[in-house]
Structure formats: C-alpha cells, structure tokens
Amino acid sequence: MCELLGMSANVPTDIRFSFAGLARRGGETGPHQDGWGISFYEGRGSRSFHDPEPSARSEIARLLRQYPIKSRIVIAHVRRANRGRVALENTHPFSRELWGRTFTFAHNGQLKGVKRLKLGRFKPVGTTDSEHAFCWMLGRLEERWGSLPKPTRLDGAVRELCAELHGLGVFNMLLSDSRTLYAHCGKRLCTLTRRAPFGTATLIDEDWRVDFAQETTPDDIVTVVATRPLTRDENWTDLAPGEVLAFRLGVPDGDENAAGAGG
C-alpha cells in the first residue's frame with residue numbers, strides 16, 4: 001500500500017525533516033515507487049508538487065528537501081499503485097475547490113465497489129478509487145450545506161462519510177479544508193505531537209538527527225501523522241481502526257489548550 005504523511009501546527013512549520021524520511025520510502029527503503037505528491041497550505045491557499053517518478057530519485061523531491069516551505073497544514077503521499085496506472089493524474093494528494101476553500105485529500109488502501117457510488121459535480125481526473133472516493137465525499141458535503149459550515153459541524157459530517165467508506169475496505173486517509181487536518185485510520189496510522197519540553201529525534205530511513213529545542217519556541221505545537229513511525233527515538237501513538245481525529249493548530253478536536261516545532 002501507499003504511505004501517508006500529514007502535519008498540523010500552530011505556527012508555520014518546516015516539514016523537511018519528516019518529508020526526508022517519507023521520501024526515502026518512495027523507492028529506496030520502501031516499495032512505494034509509483035509517484036508522490038505534497039501540498040502545503042498558506043492561509044486559504046495551497047501549493048502542491050506532484051511527480052510520477054519515485055520520490056527517492058525525484059529531482060523535485062530533492063528540491064523540496066532543500067527548500068524550507070513553512071506551513072500550518074501539510075499532506076504528503078508516496079504511492080504504490082494498485083488501482084490506476086502510474087501517471088501524474090493518479091498521484092496524490094488530490095485537490096478541489098468547495099465553498100471557496102481548497103480541499104486536499106490523500107488515501108492509501110483499496111475500496112471495493114467505490115466507483116459504484118454516484119458522483120455529483122465533482123469528477124475524477126485520473127482512474128484511482130481514491131480520487132473517486134474524494135469526489136464522492138465532496139459531493140455529499142455540498143448536498144448538506146450551501147456554504148462553509150463551522151468546523152465542529154464539518155467534523156461530524158467527515159466522520160460519518162469516513163465510516164461509510166471504512167465499510168468498503170482499507171481507508172487510511174488525510175483530508176484538509178485549510179482549517180482542519182482530518183486523519184482516518186482504516187488499518188494503520190499513527191501520530192506524534194511535539195511540544196515543550198522539546199527533545200531530539202532521529203529518522204529511521206535516513207541519517208538525520210534534529211534537536212527540536214534549538215529549532216522551536218516554548219509555545220510551538222506540531223502534530224505529525226504517518227502510516228508508520230518516521231523516527232526511532234520518539235513515542236508514536238497508533239490510531240484504532242475506524243478512528244477519526246480532527247487537528248486544529250496541532251491539537252486534536254479543537255483543544256482549547258493549544259498555544260501559539262519542527263516537522
């Protein structure tokens with residue numbers, strides 16, 4: 001299957017550290033060599049990079065490892081194709097506009113029969129079951145509301161739609177509307193939150209170690225979501241199958257204790 005990487009932070013944060021570990025799994029330390037992509041939110045806008053080449057050998061991925069784009073929400077994906085050919089249009093994350101917001105989505109797993117779900121105005125560009133599921137979700141949300149709902153109302157609707165798709169197979173997913181990072185565990189997904197007091201972390205897939213105490217302020221909060229742990233010396237928490245978390249400002253479910261680290 002593919003691998004996912006997401007980040008939610010309360011300050012614009014550099015994700016190069018985590019992305020370096022994920023990128024190595026795209027054809028070098030892992031078999032996910034059928035393309036990759038990453039999307040960074042900047043306010044309501046987002047910038048995305050996609051490449052059907054393996055991320056471990058991609059010149060675009062190498063550029064991003066050297067270019068510190070800072071963002072509060074990031075979604076990334078390395079692909080091992082099982083539905084849809086290896087092609088640029090089939091690389092995740094996928095993006096669409098709804099209610100004046102850019103929604104971004106990435107998925108790993110297989111969804112049996114998902115293409116029988118009726119679509120509205122949102123149509124896939126590629127041929128993956130993932131993009132079909134994304135278009136279906138957006139269509140269902142648009143049917144419910146004519147304008148952007150409050151975050152907590154959207155939280156409930158996303159959970160309901162994830163539960164429906166969870167019944168079709170393996171549905172590990174990341175989704176964002178620029179305000180919230182949603183993470184649904186179908187089979188395997190884990191999280192890690194970095195906040196004061198900060199320590200050091202070492203990547204599993206690359207010889208790179210960071211002392212986050214030197215890179216952050218005491219108020220920084222950063223949560224990283226990944227298919228598998230990316231570091232060897234931090235305590236990652238596994239999500240339960242069917243669990244959905246909504247992260248805002250680095251904290252799940254709009255926790256009011258969030259204050260103002262490196263990814």
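Q: What makes the meeting of the Glu206 and Arg65 side chains a salt bridge?
A: The N to O distance is 2.4 Å. A salt bridge calls for a side-chain nitrogen of Lys or Arg within 4 Å of a carboxyl oxygen of Asp or Glu, so the pair qualifies. This is a predicted model, where local features need pLDDT of at least 70, side-chain atom pairs count only at pLDDT 80 or more, and totals for chains, interfaces and linings use all residues. Residues are numbered from 1 along each chain as its sequence is written, and side-chain values use heavy atoms, with hydrogens and water left out.

Q: Why is Glu206 called buried, and why is Arg65 called partly exposed?
A: Buried means under 20% relative accessible area, exposed means over 50%, and partly exposed is in between (1.4 Å probe, protein chains only). Glu206 has 17%, so it counts as buried. Arg65 has 27%, so it goes down as partly exposed.

Q: How do you know that Arg24 also forms a salt bridge with Glu206?
A: Their closest N and O atoms are 3.4 Å apart, so the pair passes the cut-off of 4 Å. Arg24 belongs to helix α1 (residues 16-24), and 182 residues separate it from Glu206.

Q: What ties the loop between α1 and β2 to the loop between β10 and β11?
A: Arg25 lies in one and Asp205 in the other, so their pair joins parts that are 180 residues apart in sequence. The closest N and O atoms of Arg25 and Asp205 are 2.8 Å apart, and both residues are buried. Arg25 and Asp205 are also linked with Glu3 and Arg228 in a network of salt bridges. The structure holds 15 salt bridges.

Q: Why is strand β1 described as largely enclosed?
A: Ten of its twelve residues (residues 3-14) are buried, so the rest of the structure largely encloses β1.

Q: How do you know that β1 pairs with β4 and with β12?
A: Two strands pair if DSSP finds at least two bridges between them. Eight bridges join β1 to β4 (residues 70-78), and five join β1 to β12 (residues 221-226). Both pairings run antiparallel. Glu3 has Val78 as its bridge partner in β4, while Gly6 has Val225 in β12.

Q: What makes a set of residues a nonpolar core?
A: Its members are buried Ala, Val, Leu, Ile, Met, Phe, Trp, Tyr and Cys residues joined through side-chain atoms within 4.5 Å. The largest such core has 29 residues, and Phe103, Met137, Leu141 and Leu175 touch the most other members. Its largest share, seven residues, comes from α3. Apart from it lies another core, of 23 residues, including Ala61 and Val224.

Q: Which residues does Met137 touch?
A: Not counting residues up to four places away in sequence, they are Phe105, Leu161, Cys162, Leu165, Phe171, Met173 and Leu175. Contact here means heavy atoms within 4.5 Å.

Technical notes:
Helix = DSSP H or I, 4+ residues; strand = E, 2+ residues; numbered from the N terminus.
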